[in-house]
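Have the structure open as you read.

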Amino acid sequence: MESIWENLNEQQLKAVKTINGPVMAIAGAGSGKTRVLTRRIAHLIFHHQVSSENILAITFTNKAANEMKNRIYRLLGIHTRHMWVSTFHSMCARILRDHIEFLGYDRRFQIIDDDDTTQLIKVILKRLNLDPKLISPKRLKPHIMNIKYDPSIIADYDDPIRSYLEEIYPAYQKHLKDNNLLDFEDLLVLTIELLKKNKEVREYYHKQFHYVLVDEFQDTNNVQYELVKLLTNESKNLFIVGDEDQSIYAFRGSNIENIRNFQHDFEGAEKILLEQNYRSTNTILKAANHVIKGNKNRIEKNLYSTKGDGEPIIFFKAYTYRDEAEYVAQTIQSLVYKGYRYEDIAVLYRANNTSRVFEDTFIKKHIPYQIVGNLSFFKRKEIKDIVSYLRLIVNPHDGYSYVRVVNEPKRGIGAKTVERLNDFASQEQLSLFDAVLDPDNPLSKRAITQLKAFNDLILTLQNRLEQEDFPRFIETLVDLTGYEKMLMDDDMGEVRYENIMELKNSLLEAQKNYPTEDKFDVLTQMLEDIALKSQEDEQKETNVVTLMTLHAAKGLEFKVVFIVALEQGLFPLHQTLSDQKELEEERRLMYVGMTRTMERLYLTNAQERLVFGSLERQTDSLFVREIHPTLLEFEGLNKVIKRPENTDRMVFKKPEVKMSKTMGSNTFYRQGDKIMHTTFGKGVVVQVLGKQCKIAFSHPHGVKTLLCDHPSLKKVSDE
DNA sequence: CACCGGTTTATTTTT
DNA sequence: TAAACCGGTG
């Protein structure tokens, strides 16, 4: 068994031992924060006789929570299943299952994920007869979520949008409640509401949690921070770990200010800096530091490593994006020849679509790889359909699931019928299920017959669930619904059928974990697990190269890292170029990517790339230019061009590579110029195409292609 | 109601 | 390029 004090440096020891009062640990990349967290928990239990039930440890991912539980088990040999080591959302679900009736929901509430949320918004827009073109449902969602967090902000919107939001938000929220559904944000917001309104519940949890720990604190949003404050009792034994330089989820509401304000909010909070890096070479740390220095308002950290300088960072510039992939593939092969394993290597990129060329090339060259976080198992259509059936079986009045599967497989119940049914149901305050049975509904005879058959199907399935064991029941389900037959008629059906059969395991596991007589409770619990753990599934393959986005790489480490497609507009993304805050987040993303590396870091890009179907000329990413050239070894096209040293802005001759006369420049604008448009506001020229240019505007507008000499465009002088 | 074909649009996404 | 979406036809 591992010892509690083994391999801890002075600062880490301090973070483990300072158990009373608020403590903030600033944990630089690779500084061993998970070790500190788990040792601290072990220390509390082992040396201070704190009962394991009295500790609350909150993480952001299930993976992190499981990792923590595992390590605690290895340190102490105690069972961890009952412990409160979980994500914000699981913790909230656990609290709400016991107390949500106080808020007027049923304890068998179902949790819907982000995709469902978007779909639901779309459905509601349609039902309210609002024009979905004013804002697309996808763009509307974040606004609705913000309003849920703080309803008063609705007043900040200007009119066309405001009245729109005033209509849709209450309708959306009412729909959720009427159907006993919670979205991810509800889990947080309703838990807060519960704790605020119900003194007994609040005191119950204050008695329960003597020590609270929060991981990745830089990624908390305001609501999560409020929840943490609410759960922390008078003794204020709150320990947070985080690193502002690794905050990369602002676009989802995380707020770096939370970590910056912590010492202010919790008076007398101890601050501990973990600056020794156990992961990377000094060359890599230095380079990462050069990049992150570009961000303003940052508390300077001084990460150091005892690993020495190691290898130089290689910057390879390819002619085309195919050449780039080719280079990466060849380099991987030679690294493997040198003794690295495929699993030591990761290829990181900013946007998912970049992975394609690399996939193609790796297949051709027989390099084994896996793409992580692409399309998770539980997001597949067939799984979501079956999940909807299961939700309907728990709650036939769930209108959202009803609509999703009433005509899946096709039962001749079309959009018009569903619309009419919906209208009638909302007018009469009935669920869709009950509306079908109402003799006054305005539907055609044919439609009623078909809908009634569907209702009966759900009731039959409820019966069968009571009679059959879970694996058997899943087969009954796909059989009676006709889903199986539909799949058999489809070329890809075989795989999808097998996917559905995988659900048997989820059900059996839920049954094992939640021993109860009531099968509907087990089913409810399984549906919760699916909703909250959808990302986790990924069965890890052994000894393969990992391809993933920079976001997905957070928290991981690899001996060899390739950061690819380092081109202006791709990374940093052009949408972010005109906004300082967004650009800083991109820079943190670069920092996160670089600091994943233990030994060898490769930065690559290409001069020509297919962007949205057309071949574009690309320039080097700002972030590569921010690394001092003495740390880089130039390869590929870079090698041909002599790089001047010790210059901040490196100016060098670009080889004139077959550029048609209409491309690249015109008399009006150049790439990177800042402009002002009379209706779209400020923007940046991302590309010049003859008389036209592609211009990136901020949020609602996005990238537009406009004529450069258009009178509504004006150039703005630099800075 | 289902299917075909033209048009539009284009990050990242722990739960 | 590719996928999602929309509107018209059979």
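Predicted model: local features only at pLDDT ≥ 70, side-chain atom pairs only at ≥ 80, totals over all residues.

Residues are numbered from 1 along each chain as its sequence is written, chains are lettered from A and ligands numbered from 1 in the order in which they are written, and side-chain values use heavy atoms, with hydrogens and water left out.

**Confidence**

pLDDT is the predictor's confidence in each residue, from 0 to 100. Chain A averages 85, with 87% of its residues at 70 or more. Within chain A, strand β15 (residues 558–563) has the highest confidence, at 97, while strand β22 (residues 703–707) has the lowest, at a mean of 56. Residues 642–668 have pLDDT below 50, yet this stretch has 38 contacts (heavy atoms within 4.5 Å) beyond near neighbours in sequence.

**Two helices**

Helices (H or I, at least four residues) and strands (E, at least two) are DSSP runs, numbered from the N terminus. The expected span is 1.5 Å times one less than the number of residues.

| Helix | Residues | Expected span | C-alpha end to end |
|---|---|---|---|
| α7 | 159–178 (20 residues) | 28 Å | 29 Å |

Buried means under 20% relative accessible area, exposed over 50%, partly exposed in between (1.4 Å probe, protein chains only). In α4, 9 of the 12 residues are buried, so the helix is largely enclosed by the rest of the structure. Among them are Phe88, Met91, Ile95 and His99. The buried residues of α7 include Tyr164, Ile168, Tyr172 and His175; their cover includes β4 (110–112), α5 (114–127) and α16 (399–405).

**The DNA side**

Lys122, Arg356, Phe612 and Gly613 surround DNA strand C (a heavy atom within 4 Å). A side-chain N or O atom of Lys122 sits 3.2 Å from a phosphate oxygen of DNA strand C.

**An exposed glutamine**

Gln427 belongs to helix α17 (residues 415–428) and is exposed, at 59% relative accessible area. From Lys296 it's 131 residues away in sequence and 55 Å in space, C-alpha to C-alpha.

Definitions and conventions: Polar contact = N/O pair within 3.5 Å; in protein donor to acceptor, adjacent residues only side chain to side chain.
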